[in-house]
Amino acid sequence: MIDRRTRLLGTRDPAGLNGLEIGPSHAPLIAKTAGPVRYVDYALTDELRRNFISAQVSPDRIVEVDIAWGDNRLKDAVGGTVDYVVASHVIEHAPDLVGWLAEIREVLVPGGLLGLAIPDRRFTFDLLRPQSTLGEMVEAHLLGYRRPSIRQVFDSHAGTRPVDLSEAWSRDLTRTLQPVAGKRAKAMGLVRDLQGGRYVDSHCWVFTPASFLDQLEAMLELGWLGYAVEHFHPTDEGDMEFHVRLVAEDDAAVIGRSLAAALEALAGAAVPPEDA
């Protein structure tokens, strides 16, 4: 069985490459012992631990971060180029989806890789949240979000529900999931924290495999996509994430053909229908 690291890196060996892992949190995909990799997040470790929200994991388990992206451009924070970037369950946290991809593109060598593991809304606590729209993507980019917006924070923290993965695959939970008392009030408290200057980590985007490809197609049409899809692996039955490998590319025709191939891969996947 192919492991997650191979899904994101393909045949590339991190031992001989210079890489970045964005948002490693408490479970890095690429260990420091595997090769020259630096860990990147929106802030350094102490702030990440203060802001960490989880009932299952202690903040002390968050690994030491090498580079704080924050309000800087990534290329300025990194100070050079790298061969690859990987990010597992991170892209959905990026306030400006287009800008996040573009800044990573700036630090990749020609043909460099961006490997992504992305949660599939249909099988996570975001199950009841509506799909992110292209208008939201455009708005976030043109307004230059560097931190989650009021809407992003409120929707993320008010709209989630506990979901059992096996149940999500076996039956439609959208009509049976119950409201969680106090979620909206708690989300409003986090919005006030945001207004007070705190970075409130949130799921700014909600994807399915099809809706993610739709976002990429829109970026290409708008001249905002500097990647071709090297590999697209839709959500496996019983899993809750899909995997994408993007490579730095400027030729729109090449990018368009790669997106068409990704759509073919999705059409042939053994996944339930989706409303993307």
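I count two strands as paired if DSSP finds at least two bridges between them. Helices (H or I, at least four residues) and strands (E, at least two) are DSSP runs, numbered from the N terminus.

**Entry 1: ground rules.** I am working on a predicted model, where local features need pLDDT of at least 70, side-chain atom pairs count only at pLDDT 80 or more, and totals for chains, interfaces and linings use all residues. Residues are numbered from 1 along each chain as its sequence is written, and side-chain values use heavy atoms, with hydrogens and water left out.

**Entry 2: the sheet.** I looked up the pairing of strand 1 with strand 4. They run parallel, joined by 4 bridges. Ile-22 has Ala-87 of strand 4 as its bridge partner. I then followed Ala-87 onward and found Leu-116 as its bridge partner in strand 5. Strand 4 (residues 82-88) and strand 5 (residues 108-119) are also parallel, with 6 bridges. Ser-88 sits opposite Ala-117 of strand 5.

I checked the cover on strand 4. Of its 7 residues, 6 are buried (under 20% relative accessible area, 1.4 Å probe, protein chains only).

Next I read the whole order. The sheet is open, has 7 strands and mixed pairing, and runs 3-2-1-4-5-7-6. Strand 3 (67-68) and strand 6 (227-233) are at the edges; each has a single partner strand, so one side of each lacks a neighbour in the sheet.

**Entry 3: helices on the sheet.** I looked at helix 4 (residues 97-107). It packs on the sheet and touches strands 1, 4, 5, 6 and 7; contact means heavy atoms within 4.5 Å. Its direction makes about 145° with that of strand 5. Axes are lines fitted to C-alpha atoms, for helices over the stretch in contact, and angles run from 0 to 180 degrees between N-to-C directions. Helix 9 (residues 209-221) lies across strands 5, 6 and 7, at about 20° to strand 7.

**Entry 4: a helix pair.** I looked up helix 6 (residues 150-158) against helix 8 (residues 183-195). Their axes come within 8 Å and cross at roughly 150°. That makes the two roughly antiparallel (over 145 degrees). On the helix 6 side, the contact is made by Ile-150, Val-153, Phe-154, His-157 and Ala-158. Helix 8 contributes residues including Lys-183, Arg-184, Met-188 and Leu-194. By class, I note 9 nonpolar, 2 polar and 2 charged residues in this contact.

Key:
Angles under 35 degrees count as roughly parallel, over 145 as roughly antiparallel, 65 to 115 as roughly perpendicular and the rest as oblique. Ala, Val, Leu, Ile, Met, Phe, Trp, Tyr, Cys and Pro count as nonpolar, Asp, Glu, Lys and Arg as charged, and the others, Gly among them, as polar. Buried means under 20% relative accessible area, exposed over 50%, partly exposed in between (1.4 Å probe, protein chains only).
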